[in-house]
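Good morning. I will take a few minutes to go through one structure, and I will define the terms as they come up.

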Amino acid sequence: DSIVSANVSRQTVLFDAPRMKVGSVADVRISLNSVDFSTEAGELRYLDSPLIYEASPQMGPAWGLNTITLLGRNFDSVSDEMYVEFGPAVVPATIVSNTVATCKAPAHDVGFVSLRLVRGENPTGLMEYASDKRGGIAYEYLNVVMLDALSPRSSPTRGGTKVVVAGENFPGVSVLFCSFGGTTSAAEWLSTNQITCNAPSAIEPSMVPVNVGIVDADAGFVSLTQSAIQFRYYEEPRFHGLHPSRGLTTGGSVVKL
């Protein structure tokens, strides 16, 4: 049996539960003199601590606001608020199931931070939950990608056109993609200032915004750009024939399509 001190008000008693083995059930009784305890008791069940082992995506824009999916276990054992620590910043987490939780990434400087599950929003009163990786789960903040130009800036609706995208701060990551009006296309990284993407097909002629970002299995497309460049889809010209169908080797013949 364990006896712990408590903060008592007229209607509330607050105390820090002592350590117990997972699966234990403790009877909680109240005493005002450390000798005589209440005949009525409440049950306190001890559950395993929540643990995270993966964050998806593992990177995102420096301005934050993208949704992070946390995979782990024992999330249902959290009886109070669960928070996620991104370096010095702390944000609330939403528990989806016993193994899945989500949160919104806060803004942060470019670079790596460690993600850790904690209790309490005040950093001076955090109690860290477990992670299967010492020091937390690594998460990378990427720089804002600036777009300068597209070449060419148009494509027939059937797509397939190789588009050179010029700009700044293109990260050399394998999950880099271009988005043409919401339809993604894998990017080939050439340098921090240039990538290429094949324009996907379009249903009809239109102007669409082109953005650059990363693609994650859970989060989908996460943009790294804050300002898009317009790209035009046009209806491919139909070829009916030409006249004349013959010409001199010296050239110069006027041919009508």
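**Cysteines, cores and one lysine**

I start with C178, which has a relative accessibility of 0% and so counts as buried. Buried means under 20% relative accessible area, exposed means over 50%, and partly exposed is in between, using a 1.4 Å probe and protein chains only.

Before going on, a word on the source. This is a predicted model, in which local features need pLDDT of at least 70 and side-chain atom pairs count only at pLDDT 80 or more, while totals for chains, interfaces and linings use all residues. Residues are numbered from 1 along each chain as its sequence is written, and side-chain values use heavy atoms, with hydrogens and water left out.

Which residue does a disulfide join to C178? The partner is C197, with an S to S distance of 2.0 Å. A disulfide here is a pair of cysteine sulfur atoms within 2.5 Å, and the structure holds 1 of them. C178 lies in strand β18 (residues 176-180) and C197 in strand β20 (residues 194-198), so the bond ties together parts 19 residues apart in sequence. Strands are DSSP runs of E, at least two residues long, numbered from the N terminus. The torsion about the S-S bond is about 65 degrees, so this disulfide is right-handed. C197 is buried as well, because its relative accessible area is 1%.

Next, the cores. A nonpolar core is a set of buried Ala, Val, Leu, Ile, Met, Phe, Trp, Tyr and Cys residues joined through side-chain atoms within 4.5 Å. The largest has 23 residues, and V165, F180, I195, V212 and F231 have the most contacts inside it. Strands that each supply at least two of its residues include β18, β20 and β21 (206-216). β21 gives the largest share, 4 residues. A second, separate core has 19 residues, among them I52, L70, A93 and I137. In soluble globular proteins, nonpolar side chains tend to be buried together.

Back to V165. Leaving out residues up to four places away in sequence, V165 touches residues including C178, I195 and V212; contact means heavy atoms within 4.5 Å.

Last, K104, in strand β10 (residues 100-104). Is K104 buried or partly exposed? Its relative accessibility is 49%, so K104 counts as partly exposed. The K104 side chain makes a polar contact with the side chain of T67 at 2.9 Å. A polar contact is a pair of N or O atoms within 3.5 Å; within protein, one must be able to donate a hydrogen and the other to accept it, and residues adjacent in sequence count only if both atoms are side-chain atoms.
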